[in-house]
Amino acid sequence: MSDTTIQRVTVLGATGSIGMSTLDVIARHPDRFEAFALTAQDSVDRMAELCIRFLPRFAVMVNPAAAVRLRERLQGAGVNTCVLDGADALIEVARHEQADAVMAAIVGAAGLAPALAAARAGKRVLLANKEALVLSGALFMEAVAESGAQLLPIDSEHNAVFQALPHDFRRNADERGIRRILLTASGGPFRERSAESLANVTPDEACAHPNWVMGRKISVDSATMMNKGLEVIEAHWLFGLPAERIDVVVHPQSVIHSMVEYADGSVLAQLGNPDMRTPIAHAMAYPDRIDAGVRSLDLFEIARLTFERPDFERFPCLGLAYQALREGGAAAAVLNAANEEAVAAFLDGRLGFRGIADVISATLERAHGLSVDSLEAIIEADARARDMACTEILARSTSR
Ligand code: NAD
Ligand code: MG
């Protein structure tokens, strides 16, 4: 490698599934990347191991008690990483002048403020946290345009679309001949289950994804297909196409990560093994290509690629997301907040699987007049929608 300088990377959500894959890519290329700051909610053991291995300048534990324990552990190990605590410290390390790139891999709305801070500070933003964009699409894209930040999608589908688009796609989709985006979906663990049998599925069944190993929240989202719904909204903001030009194709093998169809009938796809290190390495090294530790795609072993239409009846969350995108305003933020609360309730046994879509639908009906014009307004809308969703969850848990 020639004149590349080392990129200092802040990894928000370093202890999670995407965070760990990011650190794996960083470790493979010490001549290109350095872990500048690592953050987590409260997993001290894993964070201590990461700090000892990567020697970052900063480590943030959102939970202050966890920060105290981490400081003790690092002192004992002779590591002089500076340990910060609290949610404000996430923002500090995301916009720190010495950070070049920021991996936004916190799960849920909690990741919005630091991701937005990185965008406002003009960083190379590696965006895994789709909920941030669903909540704040217009505001986030404005921040990117104003600061000149480089926004690179990590979500495998969006990374695939990005790879299949011309480099100047933001100019005008029609002028570039872009007809539509085809987002592929694995269909999740319940693709072949009947509607009735979905009533009694357990959190562990929902989290057993056939192709990807992920955090529990996104695993449940894959099982309800809300993950694909959030991704439709994410694609709208990233690539500027309306809902009618973003289609979902169920593709159980997860080998085609998504496609772009052009006016001349060409359809460009990005293929690969389902391993998040591919989109992570692509975005981190862009426009270069580097080894991600991912094995070669063996098409003979896969043999068949199949496609199905999504079933909006068994998986109503997908339709709710399209509805929220078409409605505009605060609807997507409400959808996201209600989904986060409903998924948390499902994961700890307070709500049935099919109750997730019911709670979201009821919350969307009730929430009106909320604004998403500023970060403060979004935080307020998110909190109001969560309150309404919690009332809906309570009503269903008492009647179960
Ligand atoms: P995960 O649950 O494995 O990890 C989440 C990380 O966020 C952890 O480091 C955790 O400590 C931190 N965190 C959790 N709550 C927090 C809070 N309130 N404040 C600060 N930090 C907090 O999740 P994941 O699977 O790595 O997913 C991360 C994000 O990436 C999600 O938005 C998900 O939708 C997206 N994503 C994940 C995958 C995947 O394959 N895992 C693929 C595409 C997109
Ligand atoms: Mg995805």
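A polar contact here is a pair of N or O atoms within 3.5 Å. Keep that cut-off in mind for the first stop, and remember throughout that this is a predicted model.

**Stop 1: ligand 1**

Select ligand 1 and show the residues around it. The shell holds 23 residues, and the closest are Thr15, Ser17, Ile18, Glu131 and Gly215.

Now look for oxygen atoms of ligand 1 and the backbone beside them. One oxygen atom is 3.3 Å from a polar backbone atom of Gly13. At Gly16, the distance from an oxygen atom of the ligand to a polar backbone atom is 3.2 Å. At Ala128, the corresponding distance is 3.5 Å.

**Stop 2: the magnesium ion**

Next, select ligand 2, the magnesium ion. Which residues coordinate this ion? They are Asp155 (OD), Glu157 (OE) and Glu231 (OE), at 2.1 to 2.2 Å. Along the chain, these donors follow the spacing D-x1-E-x73-E. Glu157 sits in helix H7 (residues 156-164) and Glu231 in helix H10, so this pair ties together parts that are 74 residues apart in sequence.

An unreviewed UniProt entry places a "binding site" feature at Asp155, Glu157 and Glu231. Those residues are spread over 77 residues of sequence, yet they cluster in space, with a largest C-alpha distance of 8.3 Å.

Click on each of them in turn:

- Asp155 is in the loop between strand E7 (150-153) and H7. Its relative accessibility is 7%, so Asp155 counts as buried. Leaving out neighbours within four places in sequence, Asp155 is in contact with Leu127, Lys130, Glu231, Glu234 and Met276.
- Glu157 has 8% relative accessibility, so it counts as buried.
- Glu231 belongs to helix H10. Is Glu231 buried or exposed? With 0% relative accessibility, Glu231 counts as buried. Not counting residues up to four places away in sequence, Glu231 touches Lys130, Asp155, Glu157, His158 and Leu183.

**Stop 3**

**Stop 4: helix H9 and what follows**

Select residues 216-224, which form helix H9. Why is this helix described as largely enclosed by the rest of the structure? Seven of its nine residues are buried, so the rest of the structure largely encloses H9. The buried residues are Lys217, Ser219, Val220, Asp221, Ser222, Ala223 and Thr224. Show their surroundings and you will find helices they pack against, among them H6 (130-147), H10 (226-239) and H14 (331-347).

Move on to Met225, which lies in the loop between H9 and H10. Met225 has a positive phi of about 70 degrees although it is not a glycine. Most residues other than glycine have a negative phi. Met225 has 4% relative accessibility, so it counts as buried.

**Stop 5: helix H5**

Colour residues 112-120, helix H5. Seven of its nine residues are buried, so H5 is largely enclosed by the rest of the structure. Those buried residues are Leu112, Pro114, Ala115, Leu116, Ala117, Ala118 and Ala119. Just after H5 comes Gly122, with a positive phi of about 75 degrees.

**Stop 6: two backbone details**

For the next detail, select Ser254 in the loop between strand E9 (246-250) and strand E10 (256-262). Ser254 is not a glycine, but it has a positive phi of about 50 degrees. Its relative accessibility is 6%, so Ser254 counts as buried.

Finish at Tyr286 and Pro287, which are joined by a cis peptide bond with omega of about 5 degrees. Most peptide bonds are trans. You will find Pro287 in the loop between helix H11 (277-285) and helix H12 (299-302).

Terms used: Residues numbered from 1 in each chain as written. Chains lettered and ligands numbered in written order. Predicted model: local features only at pLDDT ≥ 70, side-chain atom pairs only at ≥ 80, totals over all residues. Heavy atoms only, no water. Buried < 20%, exposed > 50% of the residue type's maximum accessible area, 1.4 Å probe, protein only. Helix = DSSP H or I, 4+ residues; strand = E, 2+ residues; numbered from the N terminus. Contact = heavy atoms within 4.5 Å. Donors = N, O, S within 2.8 Å, 3.2 Å for Na, K, Ca; no water. UniProt positions renumbered as here; feature names shortened; annotations may be inferred. Near = heavy atom within 4 Å. Polar contact = N/O pair within 3.5 Å; in protein donor to acceptor, adjacent residues only side chain to side chain.
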